[in-house]
Amino acid sequence: MIYLDNAATTRRKPAPVYAAMLRYQLFGGGNAGRGINKLSIGGVRTIISAQEAAAELFGIKNESNIIFTQNATYALNMAILGTMNTGESITVSAMDHNSVLRPAALYGKYSAAAADRNGYVSPREFRRTMTNKTTLAVCTHVSNVCGTKQPVEDIARTAHNYGALFLLDASQSAGAASVNADEIGADMIACPGHKGLMGPMGTGILYIKDPEKLRAVIVGGTGSESESIYQPEGMPDKFHSGTMNIPAIAGLREGIRFVLREGAENIGEHEKRLADELRENLLNMNAEVYGRADSGITAFNIKGVESSDCAELLGSNIIVRAGYHCAPLAHKALGTDNGGCVRASFGYFNTKKDVIKMTDAVYKAIKNRKF
């Protein structure tokens with residue numbers, strides 16, 4: 001099997017990820033913050049050590065400003081819904097995922113900065129859509145559809161010039177590029193644990209620079225200040241309601257440590273080399289290829305073939321993603337809104353042999369199709 005759907009989730013994880021999850025289930029198992037017994041304290045320590053790893057990755061001084069969520073969708077919802085108030089507006093980008101677009105649409109007062117045909121969103125487009133009533137600007141770092149990287153440092157500065165907060169969606173860049181909160185100017189960063197950070201499914205991260213500026217939209221038991229009916233303000237308890245998925249957080253910690261050892265930029269360069277080679281091969285076969293070749297994602301179509309049919313023609317042993325990738329505005333920008341496209345996304349454990357086999361599969365699909 002050739003697995004090229006790493007933009008959805010990395011299938012293969014580093015061995016320490018599995019070992020940490022099993023070890024916690026077998027020898028830990030304590031519920032963090034629910035008592036002073038050694039198992040409960042062990043759960044707290046596991047969360048703190050994972051926060052420390054994430055803080056190192058994102059260049060954050062205060063690890064308690066990092067919280068763990070169910071996935072990036074939950075993190076983005078918490079950031080957007082916890083920031084916005086009635087009458088305020090939000091600016092997003094046309095390349096954003098539905099995890100941004102749908103919570104933004106709940107308010108009915110949002111605008112989308114336009115993208116060009118390569119999926120690039122300029123800071124100028126953000127300026128055109130922002131006003132003095134704009135509270136929050138959101139932009140994906142790297143498009144999940146075509147892999148185009150956005151100028152998020154300049155977009156963050158634009159947001160701050162309007163007095164707005166900037167939320168970075170690092171779903172496709174965390175673990176494959178430098179994501180430094182201060183250098184980018186991000187007030188919040190959301191990302192999943194199960195993609196480039198190589199953790200298990202059901203994990204996500206939200207970094208909050210100023211926790212006092214964000215309301216908790218999910219409240220409940222935290223194990224702290226239990227005598228009060230009001231949510232604690234201290235971090236991370238303000239946003240850690242209910243039992244945390246500590247075995248998965250232990251696995252995510254090891255995934256982040258692996259990325260730190262290997263180097264996120266080294267991982268990203270490896271993935272991009274493979275994607276660039278596939279892109280060149282596809283162009284030589286007159287396939288339509290989208291985006292700016294900024295990352296390990298290659299999006300394409302075979303002319304005259306629906307993207308879903310193309311994925312089927314590649315065979316059951318080639319795992320790619322076809323369709324709209326939960327990003328409808330992105331496909332409008334790319335000109336693929338009538339049927340979507342095929343996305344091949346490389347991970348750290350893919351090799352040049354995978355590129356060759358993928359290329360051969362596309363060649364056979366073009367040669368043998370009957371349309």
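**Exercise 1. Determine whether Phe258 is buried or exposed, and classify its ring pairs.**

Phe258 has 11% relative accessibility and therefore counts as buried, where buried means under 20% relative accessible area, exposed over 50% and partly exposed in between (1.4 Å probe, protein chains only). The model is predicted: local features need pLDDT of at least 70, side-chain atom pairs count only at pLDDT 80 or more, and totals for chains, interfaces and linings use all residues. Residues are numbered from 1 along each chain as its sequence is written, and side-chain values use heavy atoms, with hydrogens and water left out.

Step 1. A pair of aromatic rings is described by the distance of the centres and the angle of the planes. Rings of Phe, Tyr and Trp (its six-membered ring) pair if their centres lie within 6.5 Å; planes under 30 degrees apart count as stacked, over 60 as edge-to-face and the rest as tilted.

Step 2. The structure holds three aromatic pairs. In one of them, Phe258 and Tyr348 have ring centres 5.7 Å apart and planes at 70°, so this pair is edge-to-face.

Step 3. Phe258 belongs to helix H8 (residues 246-262), whereas Tyr348 is in the loop between strand E13 (341-345) and helix H12 (352-368), so the pair ties together parts 90 residues apart in sequence. Helices (H or I, at least four residues) and strands (E, at least two) are DSSP runs, numbered from the N terminus.

Step 4. Phe258 and Phe349 form a tilted pair, with 6.1 Å centre to centre and 35° between the planes. Phe349, in the loop between E13 and H12, is 91 residues from Phe258.

**Exercise 2. Describe the surroundings of Phe349.**

Step 1. Phe349, at 28% relative accessibility, counts as partly exposed; so does Tyr348, at 25%.

Step 2. The charged end of Arg12 sits over the ring of Phe349, 4.2 Å from its centre. The criterion is NZ of Lys or CZ of Arg within 6 Å of the ring centre and within 35 degrees of the ring normal.

**Exercise 3. State how many residues of helix H4 are buried, and name them.**

Step 1. Six of the eight residues of H4 (residues 98-105) are buried.

Step 2. These are Asn98, Ser99, Val100, Leu101, Pro103 and Ala104.

Step 3. The buried residues of H4 pack against several elements, among them helix H3 (72-81), strand E5 (134-140) and helix H11 (328-334).

How values were computed
Contact = heavy atoms within 4.5 Å.
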